[in-house]
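Reader: I have the sequence and the model open now. Can you walk me through a few parts of it?

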Amino acid sequence: MQPAIRINEVRKCYGTLQALDGVCLEIMPGEIFGLLGPNGAGKTTLISVVAGLARADSGSIEVMGADVIVEYRRARRMLGVVPQELVFDPFFSVRETLEIQSGYFGIRKNGAWIDEILHNLDLTSKADDNMRSLSGGMKRRVLVAQAMVHKPPVIVLDEPTAGVDVELRQSLWKFMRSLNREGHTIVLTTHYLEEAELLCNRIGMLKAGKVVALDSTKNLLENFSGLYLKLRVDCTELPADESFHVVSRDVDLFTLRLEDFQQLERVLAGLRRAGVAIREFELQPPDLEEVFVRIMNRH
Amino acid sequence: MTIFLTLLHKEFLRFWKVAFQTVAAPILTSILYLVIFSNALDSRVVIYENVSYGAFLVPGLVMMSVLQNAFANSSSSIIQSKVTGNIVFMLLPPISYIEFFGAYVLASVARGLTVGSGVFLATVWFVDLQISAPLWAVAFAILGSANLGALGLIAGIWAEKFDQLAAFQNFVILPLTFLSGVFYSLKSLPPVWQTLSHFNPFFYVIDGFRFGFFGASDAAPAVSLAVVGTSFVVLSAATLLLLKSGYKLRH
């Protein structure tokens with residue numbers, strides 16, 4: 001199957017900074033792909049190169065089989081990008097903005113689809129309002145709508161939920177899922193790892209311009225198996241024991257890292273033997289945040 | 001064609017939506033120039049026989065407005081889009097550099113001609129003006145505004161902040177326009193300044209445009225047309241190269 005996005009050995013420098021250092025990545029049609037990494041890892045640069053906003057120093061990129069340089073017109077028609085910054089043109093209303101954006105993609109009469117996008121993003125009542133008068137959240141919705149006007153098979157969202165309230169975040173998640181169900185490939189960068197864990201089938205992690213992890217969300221979580229045991233006990237010190245490792249402590253609340261469930265019984269038995277009484281007890285599986293931190297620390 | 005027409009329409013709307021600032025204000029400024037200068041100098045300055053100074057001034061003021069507004073249109077549009085970041089909406093779609101160039105320059109021509117027509121209609125009532133060769137006047141108005149539209153694009157692409165664009169406007173465009181013969185004939189200058197003025201391309205635009213009214217000019221109109229036409233070819237080539245390379249637009 002042809003990848004929705006194929007990134008091959010892409011390098012990009014800004015002066016002495018190596019923003020992308022030989023990135024290879026394939027994102028398949030129908031995926032919700034999460035691109036994670038700390039600030040300055042190269043996520044936005046990678047998106048910019050895919051979208052043609054920046055030019056790679058070397059390597060190649062294809063969107064639905066179209067090279068982003070050689071066949072830039074076809075590649076850009078296949079791609080919808082929601083930029084990270086909250087940018088807008090203050091001269092126009094929401095509807096005018098979307099009509100103009102449609103025209104930029106060669107679509108003249110796009111009223112029915114624009115109405116549908118406005119409805120799906122809860123923007124219908126704001127259609128004739130000037131962009132300046134909208135709240136930050138509403139402007140963010142318009143950015144998503146602008147990326148959708150030409151019904152691109154691949155949609156890239158660069159931190160779409162940064163700085164938005166819970167309600168909008170959830171409505172954006174719902175919208176992204178519905179787009180994905182309709183067959184759109186979604187590429188998402190985010191700092192909210194909970195969001196990536198919830199939405200993405202597959203995750204790529206970037207650090208210093210290199211891909212340091214690339215796997216399904218399920219595999220990433222399983223490969224970094226382990227459990228966290230939170231205990232509130234009747235003392236402020238736990239007995240020294242090689243069977244567990246204390247990750248953090250807050251007075252009488254201890255967080256222990258366990259390798260597996262079998263270790264749980266050994267820890268509890270050891271505490272009983274030492275005469276430690278357990279007041280509260282909570283077992284947590286590892287989350288993507290933990291996986292992320294461990295991968296970033298490893299590289 | 002839809003892509004090009006949309007970009008052109010958007011650029012046209014952009015200045016038309018703020019027509020008080022982009023059209024009405026320069027017309028008022030030109031009326032003030034005419035009233036003040038013609039009252040002060042009408043009886044003292046004679047350039048062509050049977051042509052009052054006020055009548056001589058009108059074509060110059062019209063063309064000055066055409067040039068300054070054509071430059072302002074493309075340059076301010078680009079710099080605003082760059083500074084606010086909304087240029088991304090034009091960089092993400094499949095707009096070719098030729099469509100980009102064509103739309104911005106044509107919109108500049110449209111604004112230049114709109115303001116120029118407005119200045120002409122507002123000032124023509126104050127003076128007794130003939131139009132002896134209207135086609136020459138139209139040709140110079142279109143080519144002049146296209147030149148400045150392209151130059152505005154170059155300035156807008158080069159500038160990274162409003163301050164730099166204002167410097168370009170105040171230290172390049174304004175002196176070249178004022179020293180091009182808007183308010184005087186070259187023949188009234190000392191020989192050295194006459195020679196230097198021939199290196200100012202704006203002089204040929206205004207002189208050729210004035211020929212369309214009076215049938216008389218400092219330089220032969222065909223020479224002026226050739227200079228202005230060549231200038232447009234050079235500026236267009238430079239602008240297209242910048243747009244194609246993505247200079248200061250795509251990293």
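**Helices of chain B**

Author: Start with helix H7 (residues 162–178) of chain B: at 1.5 Å a residue, its 17 residues should span 24 Å, and the end C-alpha atoms are 22 Å apart, which agrees. The expected span is 1.5 Å times one less than the number of residues. This is a predicted model, in which local features need pLDDT of at least 70, side-chain atom pairs count only at pLDDT 80 or more, and totals for chains, interfaces and linings use all residues. Residues are numbered from 1 along each chain as its sequence is written, while chains are lettered from A and ligands numbered from 1 in the order in which they are written.

Reader: What counts as a helix here?

Author: Helices (H or I, at least four residues) and strands (E, at least two) are DSSP runs, numbered from the N terminus.

Reader: Ok. Where does H7(B) bend?

Author: H7(B) bends by about 30 degrees at Gln169(B). The bend is the angle between axes fitted to the seven residues ending at a residue and the seven starting there.

Reader: Which residues of H7(B) are buried?

Author: Leu165(B), Phe168(B), Ile173(B) and Thr177(B). A residue is buried if 20 or more other C-beta atoms lie within 10 Å of its own, exposed if 12 or fewer, and partly exposed in between, with C-beta atoms placed from the backbone.

Reader: And what covers the buried residues?

Author: The cover includes helix H3 (53–84), helix H6 (134–158) and helix H9 (201–214) of chain B. H9(B) has 13 of its 14 residues buried, so it is largely enclosed by the rest of the structure. Its 14 residues should span 20 Å at 1.5 Å a residue, and the end C-alpha atoms are 20 Å apart, which agrees. After H9(B) comes Gly215(B), with a positive phi near 70 degrees.

Reader: Switching topic. How many residues of chain B are in contact with chain A?

Author: 22 residues of chain B are in contact with 25 residues of chain A; contact means that the C-beta atoms, placed from the backbone, lie within 7 Å. On the chain B side, helix H1 (2–16) and helix H4 (88–91) are the elements that give two or more residues. H1(B) has the largest share, seven residues.

Reader: Now chain A. How is it divided?

Author: Into domain 1 (5–222) and domain 2 (225–286), with bounds from an automatic or database domain assignment. Their C-alpha centres lie 43 Å apart. Chain A has 10 helices and 14 strands, and buried residues make up 40% of its 299 residues.

Reader: How do S11, S12 and S13 of chain A pair?

Author: Strand S11 (residues 227–233) and strand S13 (residues 253–258) of chain A are antiparallel over six bridges. Pairing requires at least two DSSP bridges between the strands. Tyr228(A) stands opposite Arg257(A) in S13(A). Strand S12 (residues 245–250) of chain A is also antiparallel to S13(A), joined by five bridges, and Val246(A) has Leu256(A) as its bridge partner.

Reader: What lies between S12(A) and S13(A)?

Author: Two residues, in a hairpin; Val251(A) in the turn has a positive phi of about 55 degrees.

Reader: Last one: is Val94(A) buried or exposed?

Author: Val94(A) is buried, because 28 other C-beta atoms lie within 10 Å. Val94(A) lies in helix H3 (residues 94–104) of chain A. Beyond residues up to four places away in sequence, Val94(A) touches several others, among them Leu123(A), Lys126(A) and Val142(A). The C-alpha atoms of Val94(A) and Lys126(A) are separated by 6.9 Å, though the two are 32 residues apart along the chain.

Key. Contact = placed C-beta atoms within 7 Å.
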